[in-house]
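I am opening a notebook on a structure that is new to me.

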Amino acid sequence: MSVIKLDGLEVRLGGRIVLDGLAGEMRGKAIGLLGPNGAGKSTLINTLLGFHFPTRGSAHVFDMDTRRQRALIRQSVGYMPENDSFIGSMTGVRFVRYMAELAGLPAREALERAHEALFYVGLGEVRYRKINTYSLGMKQLIKLAQALAHGPRLLILDEPTNGLDPMARQRMIQTLQQIRKEGSIHLLISSHLLADIDQTCDEVLILKNGRIAALCNIEEERRSHRNFIELESAGPADEFCNSLRGLGCECASFADGRIKLVMPGGIESRDLYVIADQTGMQIRRMHRRRDSLEDIFMRAMEGEPERRELVRL
Amino acid sequence: MSVYKHEYRAYTGALTPLWSRVVVVVRYAIAEAWSSRITVALFILSMLPVVVYLVGIYLANNSLARAIIMRRDNGFEIGAGFFLNLLATQCWIALGISAWIAPRLVSFDLADNALPILLSHPISRFGYVMGKLIALLACLSPVTWIPCLLLFAYQGYSSAHPWFMANLRIAGGLLVGSLLWIAFLSILGLAISAWVKWRVVATGAIFAVVFVPAGIGGIITGVLRTRWGFLLNAPVMMTQLWQRLLGAPEMMRDQLHLPTVAILIVLTLVCGICVLMLNARIRGREVVRG
């Protein structure tokens, strides 16, 4: 079953197209939502929650239509908004209990789960304090606690590390990794911070100007480029390259001795040393490059040509 | 999730039906309203007139007590006029209580931007507003129609002749008049509280919305020599409506009487505006135009 399915989704707000024909299916355990400001990330989240209606197309969460089955979707979703959102005059435990009861838990279970959720996110000691006395980091955590308390199937987190100091940020990321590892909850994390998505997600949806710029599995994307190698060499590089081309490698050499190559399957790194030895070239440095999320993001943002096009063959 | 193991566990128990989420809002709203000592003090104060009227009914029906306390036996009659005064007193006290409670119910949610989280749960905007409205009605009922009907029942019990059945219209008038007024106050209070962020200002604004137009209406009536100015005057308008509901004698000159239909149209219009105000304000997300 897909977690989120978008079918030509178009959303207009104030007469302006904010989401333009989004189509795709996300099945990952943790889905990252990336994009510059105004790309439509928050609008997509609000549409999934049923706050905005699609003007064309449709969006489904766990095969439930966001227009017709709003209540059922909200039942299955825990939402942590980007900005402050709580009732400051309530104590932490009362607020989380209130939200759990609204999500459908009976009062007794809601109270029990509220205590547990607060301990889980690390607010156990301050659960009887009023929320408006909490620090910024605590306020982020109370939003996470209320999103978790009713045991949702999908946790939607809008900028979860916003305003957190490095320690609190690391703790939040560890908590998200733990939730992902536990396995019963899917995560949809919207963030400006690529590192956060990189550490927590296995699938990424990149939006640009209301359109999908990239939708990919991060691990698969990395694997597909795992044979890209950069060398720093001394000696007859052209001869080395010619030999590699004979083995089916795509290879480009540069004046400063740098060589970039994409190896086909079946050729290992040690083969390069053998060929270098045969051609009298020294390999001074070898760098097996893995695509970072930043590379994926930058390519999506700038419409960067494929790497092969950058390499002089 | 366990307190001791600190591990997440999914919830697998039973869920409450969707309609009961409104009851959750009602429960928390009532608790919020009564968490203030001022609410308790206002409620106790609102019972003082009831006690006075209760003593009045007792004296009216007990000539011996009347002779001892008032030192003369000039009996007074309990009728529509008596209950009209009781209704008017309690209803104006209800205005004060609603001006205090309504901002507590809505402003706290809006001040800390709680609506995105609240409405991301399986409760609609209508359900949320309905929950707050029911909570406010529940808080105002013990001040208005409940004591009024209890005193009516006591008068029926104390009266020697078959007073109860002969005056059932008063009971109906007390119930309908109270419900109309507290429903009007509740929706007005919620609408104003949704737009005014500061509680104290919202409390003042609720009083202002009732009494400032009354002044303007008085000026219009005086300058233009027309009765229609009273349509802006809630005290006059409601007093006329209550008089007719209870069958009490009208105190104003005939030329100043407002048609009941006109009064009901004004009340409906104001409620309609309040619904629009709530619709614009109670949202999970702001939509920036343009």
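Entry one, a helix on a sheet. I looked up helix 1 (residues 41-48) of chain A and found that it lies across strand 1, strand 2 and strand 4 (56-61) of chain A, running at about 110 degrees to strand 1 of chain A. For my own reference, helices (H or I, at least four residues) and strands (E, at least two) are DSSP runs, numbered from the N terminus, and axes are lines fitted to C-alpha atoms, for helices over the stretch in contact, with angles from 0 to 180 degrees between N-to-C directions. Two residues are in contact if their C-beta atoms, placed from the backbone, lie within 7 Å.

I also note that this is a predicted model, in which local features need pLDDT of at least 70 and side-chain atom pairs count only at pLDDT 80 or more, while totals for chains, interfaces and linings use all residues. Residues are numbered from 1 along each chain as its sequence is written, and chains are lettered from A and ligands numbered from 1 in the order in which they are written.

Entry two, the sheet itself. I read an open sheet of four strands in chain A, with the order 2-1-4-5 and antiparallel pairing, where two strands pair if DSSP finds at least two bridges between them. Strand 2 (16-26) and strand 5 (64-65) of chain A are at the edges with a single partner strand each, so one side of each has no neighbour in the sheet. Strand 1 (residues 4-13) of chain A is joined to strand 2 of chain A by seven bridges in the antiparallel sense, and A:Lys5 has A:Glu25 in strand 2 as its bridge partner.

I followed strand 9 (residues 203-208) of chain A to strand 10 (residues 211-217) of chain A, an antiparallel pair joined by six bridges. The two strands form a hairpin with two residues between them, and A:Asn209 in the turn has a positive phi of about 50 degrees. A:Glu203 is bridged to A:Asn217 in strand 10.

The axes of helix 11 (residues 234-246) and helix 12 (residues 260-281) of chain B come within 10 Å and cross at roughly 125 degrees.

I found 38 residues of chain A in contact with 33 residues of chain B. On the chain A side, helix 4 of chain A gives the largest share, seven residues.
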